[in-house]
Amino acid sequence: MNIWPGFYSLQGAWYLFLLVPLIIFYFLKLKRPHKRVPSLALWSSVINDRRVNSPFQKFKRSILLLLQILLLLFLVLSLMQPYVHSGADRAQYLPILIDCSASMAATDPETKKTRLELAKERVTELIDNLLPNQRVSLVAVSSTARRLTAFTDNQRVLKQSLAGLTVDDVPSKLEDALRMTQALSRTKPIKRVLFYSDGNFPKEVNFDLPFELNYQKLPPAGSNIGITSFNARKSQSGNWDVFIRIANSLKSENPASIEILQDGQSIAKEEVDLGKSDSQRIEFTVNTDSGSALEAVLTPGSFDSLESDNRAYLTIPRSRSLLVYISDSLASYRYALADDENLELYPEQNETVGPAEYDLIISSSENSLEKPGLVKVGVGFIPEDLIKYISLETNLTDVVDWNRSSALLRHVELNDVQITEQPVWNENSGVEDLEGLGYEVLVHGRLGPLLLQKRKSGDLEFYFLFNTDRSTMPYRIGFPIMVSNLIQLTLQEAGIAEVQASATPILPAVEYVPDETYQIQTPTGKRYSTESNKNGMVSGVAALHVGRYLITGEGADSDEISVSLLNPLETSLVTIDEIQFSEVPVMAAQSQVDSDKPLWSEFALIAFVLLLVEWWYFQRRPAGIPT
Amino acid sequence: MPQESNTNQFTSLFDNKTLSMLERMRLNPTRRLTNRSRGEHLSGKGGTSTEFSDYRNYVPGDDVRYIDWNIFSRLNRPFMKQYQHEEEMHVVLILDASSSMDYENKFLRCQQLAAAFGVMGLLNFEKVSVYACNHKGSRPAMFAPSTGRISMKRLFDFLTKIEVGGNSPVEDAVEDVLRIHRGRGVAIVLSDFESFGDLQRPFNMLFSAGLEIYGVQILGSSEINPEINGDLRLVDSESGQTLDISSAGDLLGIYHEHRALLEDHLAMMCRQRSGRFLTIDSGDTVEHIIFDLLRRKGWVR
C-alpha cells in the first residue's frame, strides 16, 4: 500500500493562500494590551533569562499563530479530500452483486451472523470509503436479479437499500445478474464487478464475461440438515406413498427427527442420524381419497445453519379416474385399456356426449385432437403444419432408431416392427424444420420420422405418422408397455397418481376464472395482486419464501398453495472456489476488496481538536500562578 | 494613601490602640551602634549607667570612684567595677516615595511602618530622622533628627504629608540620604527594591556610616502573585519604559524564581552587613506585620 495519500480535489490547495492574510491579520491584530507595573526591573530580568530565549520558548510566543496555521492547514487538507491508496484499481462505476439466495441465511455457530449480514458489513465498509467520483449500484442476486439502486454515491440511499435487503428462500442463479450488469455496462463504463456470495451456486455459468468479475467469497457457515425432496405416489392399494429425502451438509454428523403432519395432525415421526454429506430417503404411507395437505417438519438435533429447509409442504390431490378418449377406429388401444378400472373410456357405447375435457385423447383424426386434453396422441396422419415437410407413402418400412429415454418409449422394443405406411421427408426438408416448429423426433424411420412429440401450451402431444393398426406393432410386447407408459404419463400430467412438492421461486400455476384479479398473501404477510389469463390460469407468481400462500378472488376461497425450498445444493451449503464461465474461470478472491480510504473526516477532526486546543490555550489559567 | 483622620484618633496612620501598643515596644538592633551622646541604648563600651557589666584590674589613672572596695578589702587588690554605657542610637528611616510605591497600598504600609519604627525610636529616647525620596537628583524630604514623645505628632504629620511619585531609584535615594545624615544607629530602608541599579554601594555606605541596615521590601499582591496572561505590553510606572512579553502566563514561573532570587540577594546583602531583611505583602495589615511578623523575626521587642 502506498503510504503517501492522494488528493482527490487538489484544487483545494489554492485555499493555502489564506495563510497570507492569516499571518498578516495576526500581526496587525496583535495589539498588546498595556499593563502598568510598578517596575520593569523584575520583568526585564525575566525576559533576559536564557530559558525565555530558548528556541522552544520563542516557539511558544507564537503558539496561537502556529495553532491557527495548523488549523487552516488541516482544513485545507480536508478540502483537498485526501485518501490512502489501497493499491487496487479504482473503478468509477462499480456494480456490487450481493447473493441473497437461501443459503445466505446460513449462520455459523460462533457469531450467529448470517452470510448476508457478513456481506452487508463488507459492502457497508465499501460504501463508507466511497470517493467523491465513485458511483455504486447494488444488485441483489437470487433466482433472478434485482437492481436495488441506480449508480449513486449517496451513502444514505445505498445504506438504506442495503439494510432492506433480505434473504429469499430460493436457489441462486448468477446469469440473470450478470446479464443485467452487462446491460448496465452499455450506459456506464464498467470495468469491474464485485460479487459477494457464500459460493453456493452452480459452478458453470453460461455467460461471456465482458468485464472483470471480483468474486468475494464469504466465510463458510456451520453444518446444516434439511429436506431436499418431498413427493408422493399413489400405490396399487390406493394409499399414497410419501417420500422425503433428507440431506446433511459436509461439516458434521447431524441427528434429526422428521415428523409428518396431515392436515395439521401428526401422523408419523422418525429419527434419522446422518453422517457428513449423507442423504436418506424416508417413506411414509398416507391414506386419503379426498386430498390432504402434508407438512414435513425436520427438527435438527444439533446446530443447524439454515432454517428455511427444515419445512416442506405437499398437497395430495383428490382421487379420480382418468378420462380417456379413443377413436372408434383405433381398436388396438381401446382393447389394451379396456380392463383398466381406473380409466373411463370415451366415447361409450350409445352415448354421444362425453366430458368437456379429457386426460388422454388418442385419435386417428386431427379434428378430434382439438378437444381439450392433457395428453394427445394422433395416429395415422401427418399434422397439418408438417404436410409441407413430410408426405406419407404406402411402402413397407421399419424402425431405424428411437429415443429410448423418452417417457413414452421406456422399455419399448421397436426393432422388428413392420410398418406398411412410410412417412418420407419432402425435398429440402429435415429434422431442423420440425424442431423449428417445436417437434421432437422420437422414432426415426428409413426415409422419415415415425413418431413426433410436441409440448403445446401445457399439453403434451404425440403423433404417430403411420397407422399403428396397419403395422405389426400391436402384436409386439412393446405395444402394451407403450400404452402403459402413456397412461403413466397422463397420470403424471393430471397429477393424480404422483405429486411433487412445489418449490420456490414460482408458485405452481393454478386455474381459476379467466381475466380475474386475485389477491395473494405471502408467508411474510405481504400482499399483492395478480390476474388470471384468458384460460383462467394464474401463473408466474413469485414465491420467494417458504410457506403457505393464500389466494383469494373469484373461484378461490382462501386457497392455500405451499412452496418449499427443496434444493439439494442450497441445503448442502457446498461452496465453490471457481466459477466456470463460457471462456474463462473466475477464482474466488483471496483477499477482501481494498478500497481507497478517504481521510478528509480524520483531517477535519484534527482541525476541530486544534480549534479546541487553541480555545483552551487562550482561555487557560496561566501556568505560572502558584496554587 | 493615608486614611482620613478621625477626630478621636491621634493619627490617621493607626488607631489609638495600635499606637499605644507601639509605644511599649522598642527596636532590637543586632549591633549596638550608638552615638557618643547619652541615650537609652546600652553601648558595648563601659559606661556610667547603673547596669553592671564586668570587673577589670585597676590601672593608674582610673577613676577611684569605681573601685570595688569590698573586693579590695578581701583580696587587697583594687578591681574596677565597670558599668554599661548608655548611649543614644540614631534611627534613620529612608522611605522610597517613587511612583513604583504608589500601588496597592504599598506606600501606605510604608508610611505606617515608618511611623511605627519612628514611635518606637522616639519613645525610647532615640534620635529619629526620616527621609523620603521622590525624584532622582533632588534633595530628599527630611524629618530632622528628633527625640521624645513631643516629636511624635510632628513625625506623623511629616509622614502623612509625603507625596508619592517620582523616579528616584532606591540606591540613589540611600546615597542622597547619606550625604545629609550623620550619626550611627539603625537605617531602616522601606522600599520595593525593584531597581535596575546595584545596591552594593549604597549598602556599603550605610554600613560604613555605622548604620545597621534594616531592609523592608514592600510588594503589592500583584507583584507577589501576578495574574497575567497572553501577549502584553508592560509599562514602567516610573520611567514609562515599555516591555513586550508574549505568553505571559508561561513566564510567571520564571518571574517567581527571579523574585525569590532578588529577595535572597537582598537578604544576603543585609546579612553580610549585620543587617536584616524582610519582604512584606502590602495586603497584610500593619498590626499583623508589626505585632506578629516583626516580633517573631526579632526586629522589635
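Me: How many residues does the contact take from chain B, and how many from chain A?
Reply: Residues count as in contact if their C-beta atoms, placed from the backbone, lie within 7 Å. Here the contact takes 38 residues from chain B and 28 residues from chain A. This is a predicted model, in which local features need pLDDT of at least 70 and side-chain atom pairs count only at pLDDT 80 or more, while totals for chains, interfaces and linings use all residues. Residues are numbered from 1 along each chain as its sequence is written, and chains are lettered from A and ligands numbered from 1 in the order in which they are written.

Me: Which elements give two or more residues to the side of chain B that touches chain A?
Reply: Elements are DSSP runs numbered from the N terminus: helices are H or I with at least four residues, strands are E with at least two. On the side of chain B that touches chain A, those giving two or more residues are β8 (232–236), β9 (242–245) and α8 (248–272) of chain B. The largest share, 12 residues, comes from α8(B).

Me: How does that side of chain B divide by class?
Reply: Ala, Val, Leu, Ile, Met, Phe, Trp, Tyr, Cys and Pro count as nonpolar, Asp, Glu, Lys and Arg as charged, and the others, Gly among them, as polar. The side of chain B that touches chain A has 14 nonpolar, 13 polar and 11 charged residues.

Me: In which sense do β2 of chain A and β8(B) pair?
Reply: Two strands pair if DSSP finds at least two bridges between them. Strand β2 (residues 34–37) of chain A and β8(B) have 4 bridges and pair in the parallel sense. To find the place on screen, look for Arg36(A), which stands opposite Val235(B).

Me: Let's turn to chain A. How many helices and strands does chain A have?
Reply: There are 12 helices and 37 strands in chain A. Of its 627 residues, 33% are buried (20 or more other C-beta atoms within 10 Å of the residue's own, the C-beta atoms being placed from the backbone). Among contacts in chain A with a separation of 6 or more, 70% join residues 24 or more positions apart.

Me: How do I read two packed helices?
Reply: Two packed helices are described by the angle between their axes and the distance between the axes. Axes are lines fitted to C-alpha atoms, for helices over the stretch in contact, and angles run from 0 to 180 degrees between N-to-C directions. In chain A, α1 (residues 19–28) and α4 (residues 63–79) cross at roughly 160°, and their axes come within 11 Å. That makes α1(A) roughly antiparallel to α4(A) (the word is used for angles over 145 degrees, and roughly parallel for those under 35). The crossing is right-handed, that is, the near helix is turned clockwise from the far one by less than a right angle, anticlockwise being left-handed. Leu19(A), Leu22(A) and Tyr26(A) of α1(A) meet Leu65(A), Gln68(A), Ile69(A) and Leu72(A) of α4(A). By class, this contact has 6 nonpolar residues, 1 polar and no charged.

Me: At what angle do α5 and α6 of chain B pack?
Reply: Helices α5 (residues 170–180) and α6 (residues 200–208) of chain B pack at about 30°, with their axes 8 Å apart. They are therefore roughly parallel to each other, and their crossing is left-handed. Glu171(B), Val174(B), Glu175(B) and Leu178(B) make the contact from α5(B), with Arg201(B), Pro202(B), Met205(B) and Leu206(B) from α6(B). These residues divide into 5 nonpolar, no polar and 3 charged.

Me: What is the strand order in the open sheet of 5 strands in chain A?
Reply: The order is β6-β5-β4-β7-β8, with mixed pairing. β6 (145–147) and β8 (212–217) of chain A stand at the edges with a single partner strand each, so one side of each is left without a neighbour in the sheet. Neighbouring strands are turned by 25° against each other on average, direction ignored. Within this sheet, β4 (residues 93–99) and β7 (residues 192–197) of chain A pair in the parallel sense over 3 bridges, and Ile96(A) has Leu194(A) as its bridge partner. Helix α7 (residues 174–184) of chain A lies across β4, β5 (135–141), β6 and β7, running at about 155° to β5(A).

Me: Where does a positive phi occur in the hairpin of β9(A) and β10(A)?
Reply: Look at Gly238(A), whose phi is near 100°; the hairpin has 5 residues between the strands. Strands β9 (residues 225–234) and β10 (residues 240–248) of chain A pair in the antiparallel sense over 9 bridges, with Ser229(A) opposite Arg245(A).

How values were computed: Angles under 35 degrees count as roughly parallel, over 145 as roughly antiparallel, 65 to 115 as roughly perpendicular and the rest as oblique. Two residues are in contact if their C-beta atoms, placed from the backbone, lie within 7 Å. A residue is buried if 20 or more other C-beta atoms lie within 10 Å of its own, exposed if 12 or fewer, and partly exposed in between; C-beta atoms are placed from the backbone.
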